[in-house]
Amino acid sequence: MSALPWGAMARMTGRRLLAAVPVLAVVTFAVFAVAAASPFDPAYAGSSGPVAGRDVLDQVRRNLGADRPFAVRWWEWVTHALAGDLGDSATLRQPVSQVIGERIGWSVLLCGVAFVLAVVAGTVLGVLAARRRGGLFDKAVTALSYMLEAAPPFWIGLLAVWLFALRLDVLPAGGLTDTGSDAVTAGQVLPHLVLPACVLAVTQLPWFVLYVRQGVGDALAEDPVRGARARGLGERTVLLGHALRSGLLPVLTLIGSRVPELITGALLVETVFSWPGIASATVEAATSVDFPLLAALTVLATAAVLLGNLLSDLLYGLADPRVAHEGM
Amino acid sequence: MGDRLRLSAALVAVVVLTALVAPVAWPLDEQAVDLAAKLRPPSWAHPFGTDEVGRDLLLRCVHGLRVSLLVGVVAALAATVVGTAVGTLAGALGGWADRVVMRLVDLFSSVPHLLLGIFVVAMFRPGVWPVVASVAVTHWLSTARIVRAELLSLRTRPYVDAAISGGASRWRVTVRHLLPAVLPRAGLAAVLMVPHAIWHESALSFLGLGLPAHTASLGSMAQAARGTLLAGQWWPTLFPGLFIIVPTLAVAGLAGAWRERLDPRRRSELAL
């Protein structure tokens with residue numbers, strides 16, 4: 001293998017980071033525009049709104065700056081955000097940056113473990129299914145994948161809680177640590193991580209299984225594989241050395257583009273399992289219309305998606321040297 | 001293949017008929033409370049059991065299916081109209097309009113669907129119309145991409161050239177010659193979107209951001225069942241979920257068969 005095209009990759013990363021600036025600017029602007037168009041009054045957020053008098057509410061609005069046009073507030077928010085101040089969460093009574101700092105690690109842990117599980121299990125099942133397409137195992141795996149794809153993640157999560165936490169009583173039903181224990185230790189977190197991570201992995205699994213099955217199955221029908229078989233190579237060599245290499249690479253390069261689905265899954269799974277990550281904070285922020293928190297988390301998710309796309313394109317260029325990094 | 005088509009079509013028919021006819025044929029009150037019979041497991045009297053205030057779950061599932069299907073169809077239609085309009089604008093005009101529209105599509109696709117939906121609903125209070133709007137806002141992208149790509153390939157066809165050299169205006173070419181050719185694809189995308197819309201609605205309702213909690217919707221039923229699940233009652237959770245899965249699988253099967261008819265060369269079994 002020749003040396004990696006570091007220069008081209010660095011230039012592409014730089015270009016993408018530059019391109020992300022206007023995207024994030026437009027997304028934040030749209031977030032503020034939608035909030036301005038909504039019938040919701042920020043003076044009521046997390047305060048004693050309903051019992052306060054008119055003059056008090058007006059004062060609160062002035063303090064929050066809600067009486068000025070949204071474009072002005074947007075600009076102020078952007079300049080403050082660049083300085084590291086994302087405002088204060090009205091419901092959690094904490095700076096937004098602190099909320100994110102405390103929670104993002106748990107979300108990354110959950111999503112990372114789930115993603116690795118999904119990639120590994122999806123590849124194994126997909127390859128096994130592709131080996132004999134139309135066979136009994138293939139039919140079972142495909143049917144199960146379609147079923148899991150159709151099932152809502154929250155429903156899978158709830159049923160998993162019922163089965164593993166209630167009926168079998170082998171795993172905790174939710175949270176990060178046992179109730180009554182404040183110390184966050186690895187021994188506490190690990191058993192609490194198993195169920196949410198597995199459920200999140202299961203929700204991401206169908207896509208991997210079906211794509212790997214398709215990619216490897218198609219590769220098995222192509223000339224290089226036929227040639228390898230004609231030369232009398234063993235089934236294992238053909239499958240792992242030829243079909244897997246050409247069939248799997250395009251799939252693995254796509255994993256960066258799965259970030260939106262992963263975030264969607266995390267929103268539901270973290271809520272079901274009361275996992276103290278940023279996805280469950282997003283849902284809490286939405287139900288109590290905590291605008292500063294919701295705005296920051298929306299931007300954060302957008303940045304994560306852009307990062308995933310970049311990763312995807314970088315891997316694609318590495319996997320297929322015919323694709324130059326320059327054009328992307 | 002024929003069997004799959006027939007099975008999916010039959011399932012779709014059963015689902016739609018159940019949602020449309022059952023509440024009319026058996027005008028029972030799905031909100032009827034019977035505290036003496038609360039949290040009964042499935043039995044002959046209550047095939048799906050009863051919930052925490054003794055409401056019959058089969059009845060509520062059927063009504064929930066009706067609500068979810070209705071919201072799903074309306075939302076999918078709204079998203080398809082938006083997507084077709086935007087895709088046509090980009091594909092028929094080309095040039096800078098195309099570039100602007102495709103930038104917009106990229107922009108929208110960089111915010112996760114459910115998150116954008118949550119944001120829209122949170123800002124406009126939960127209810128039917130914010131849910132429909134949030135589905136429309138997040139789901140028009142794929143339709144717009146499909147319509148645009150199709151229009152770009154159609155624009156170079158001889159019959160379109162013939163219409164242009166015959167003096168037809170841009171508007172006339174678009175409406176008479178281009179749009180009719182893309183509508184089947186847009187229709188397929190709309191059908192495929194209905195399960196997505198149902199999924200989206202039930203996820204929002206589950207998070208407490210969709211339809212009001214007392215409405216029998218499949219997502220809000222699962223949300224209400226969370227409390228009793230930890231006490232060991234599995235049936236209020238299990239059945240609403242099954243009612244989400246079955247229509248999704250049926251529509252996916254039907255759409256797959258339809259696509260094979262539209263484009264028999266494409267052998268891929270994956271969704272769009």
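**Aromatic rings and the chain interface**

Author: At 16% relative accessibility, A:Trp74 lies under the 20% cut-off and therefore counts as buried. Please note that the model is predicted.

Reader: Is A:Phe29 buried, partly exposed or exposed?

Author: Buried requires under 20% relative accessible area, and exposed requires over 50%. The value for A:Phe29 is 33%, so this residue is partly exposed.

Reader: Which kind of aromatic pair do A:Phe29 and A:Trp74 form?

Author: A pair of aromatic rings is described by the distance of the centres and the angle of the planes. The ring centres of A:Phe29 and A:Trp74 lie 4.9 Å apart, within the 6.5 Å limit. Their planes stand at 85°, and an angle over 60 degrees counts as edge-to-face, so the pair is edge-to-face.

Reader: How many residues apart are A:Phe29 and A:Trp74?

Author: A:Phe29 belongs to helix α1 (residues 6–37) of chain A, and A:Trp74 to helix α3 (residues 70–82) of chain A. The pair thus links distant parts of the chain, at a separation of 45 residues.

Reader: What area do chain A and chain B bury between them?

Author: The size of an interface is often given as the accessible area lost when the parts come together. Here 49 residues of chain A are in contact with 38 residues of chain B. Carbon and sulfur atoms account for 79% of the buried area, and the area itself is about 4000 Å².

Reader: Which three residues supply 15% of the area that chain A buries against chain B?

Author: This share is more than any other three residues supply. The residues are A:Phe154, A:Trp155 and A:Leu158.

Key. Residues numbered from 1 in each chain as written. Chains lettered and ligands numbered in written order. Predicted model: local features only at pLDDT ≥ 70, side-chain atom pairs only at ≥ 80, totals over all residues. Heavy atoms only, no water. Phe/Tyr/Trp six-rings, centres within 6.5 Å; stacked < 30°, edge-to-face > 60°. Helix = DSSP H or I, 4+ residues; strand = E, 2+ residues; numbered from the N terminus. Buried < 20%, exposed > 50% of the residue type's maximum accessible area, 1.4 Å probe, protein only. Contact = heavy atoms within 4.5 Å. Buried area = accessible area lost by both parts, 1.4 Å probe.
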